[in-house]
Amino acid sequence: MGAASVKGLKMMETIFPSEDGRSVFADPKLKAKLDKEIAKGKIKPEMPADEEPVDGDMDELIDRVIKEVWATYDVKNQGFIDKKKAAQFFKDALEVYALRKGMKGSKDALGPGVNQSKASDECVAKLNKSGSGRITFEEFEDYMNTYDIEEALGPFLARTSIDVKAQVPMVDISQISTQAEQVTRPKYREYPDD
């Protein structure tokens with residue numbers, strides 16, 4: 001695993017935080033590689049806790065992290081990433097997913113019968129909404145704000161997205177009685193005028 005892979009893993013951990021708070025860098029070998037890359041200045045160290053937003057508004061932090069992840073893959077600062085860089089993004093995300101699940105590598109995380117190349121193409125196509133072959137920052141940002149790691153890696157994990165309209169049976173609401181029909185009207189007392 002080279003420097004770019006360690007940086008990619010770090011970025012995936014940043015953009016797709018673990019639900020249980022554990023890091024893939026708890027592994028001593030990966031931690032040593034991460035520390036080495038931080039010392040070289042290739043990876044920024046963690047943000048100190050006192051710099052995190054206090055008011056609970058995480059939008060600014062999320063936007064900053066998305067920009068950092070984007071910069072990892074748009075190395076030449078062209079304003080777009082090509083399919084190859086997008087495929088590397090998904091490969092890094094799959095590697096983090098596999099390590100979190102206690103697997104040795106990304107190939108162990110593939111769902112039954114999944115072709116990694118086809119799954120990668122499907123993920124890249126979902127990311128590249130315009131179909132131009134060049135993923136813009138806006139497409140990337142929208143994608144990051146929409147999908148969690150398991151949804152983003154669905155084609156690799158042999159999970160399909162759920163089409164809610166196709167899965168939910170339609171209900172004729174005219175057959176459902178309303179609460180108003182079931183509630184009896186209140187009776188008011190008559191009080192004499194004194």
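How many salt bridges does the count come to by the rule used here? The count comes to 3 salt bridges, where a salt bridge is a side-chain nitrogen of Lys or Arg within 4 Å of a carboxyl oxygen of Asp or Glu. Side chains of opposite charge can pair when their charged atoms come close.

The model is predicted, so local features need pLDDT of at least 70 and side-chain atom pairs count only at pLDDT 80 or more, while totals for chains, interfaces and linings use all residues. Residues are numbered from 1 along each chain as its sequence is written, and side-chain values use heavy atoms, with hydrogens and water left out.

View 1. Helices (H or I, at least four residues) and strands (E, at least two) are DSSP runs, numbered from the N terminus. The closest N and O atoms of Arg64 and Glu68 are 2.4 Å apart. Arg64 counts as partly exposed because its relative accessibility is 32%; buried means under 20% relative accessible area, exposed over 50%, and partly exposed in between (1.4 Å probe, protein chains only).

**View 2. Glu150 and Lys101 meet in a salt bridge.** The N to O distance between their side chains is 4.0 Å. This pair links distant parts of the chain, with Glu150 in helix 8 and Lys101 in the loop between helix 4 (83–100) and helix 5, 49 residues apart. Lys101 is partly exposed because its relative accessibility is 48%. Helix 8 covers residues 149–152. Leaving aside neighbours within four places in sequence, Glu150 is in contact (heavy atoms within 4.5 Å) with Tyr97, Lys101, Leu157 and Arg159. The C-alpha atoms of Glu150 and Ala93 are separated by 9.5 Å, although the two residues are 57 residues apart along the chain.

**View 3. Lys129 and Asp142 form a salt bridge.** Their closest N and O atoms are 2.6 Å apart. The pair links distant parts of the chain: Lys129 is in the loop between helix 6 (116–127) and strand 2 (134–136), and Asp142 is in helix 7 (residues 137–146), 13 residues apart. Lys129 counts as exposed because its relative accessibility is 59%. Asp142, with a relative accessible area of 33%, is partly exposed.

**View 4. Ser106 is buried in the model.** Its relative accessibility is 8%, so Ser106 counts as buried. Ser106 is found in helix 5 (residues 106–109). Not counting residues up to four places away in sequence, Ser106 touches Leu94, Glu95, Ala98 and Gln116.

**View 5. Asn77 has a positive phi.** The angle is about 55°, although Asn77 is not a glycine. Asn77 lies in the loop between helix 3 (59–73) and strand 1 (80–82). With a relative accessible area of 66%, Asn77 is exposed.

**View 6. Asp27 lies in the loop between helix 1 (3–15) and helix 2.** Asp27 is partly exposed because its relative accessible area is 36%. Asp27 and Leu99 are 72 residues apart in sequence and 9.6 Å apart in space, C-alpha to C-alpha. Helix 2 covers residues 28–40, and Lys29 has its place there. At 68% relative accessibility, Lys29 counts as exposed.
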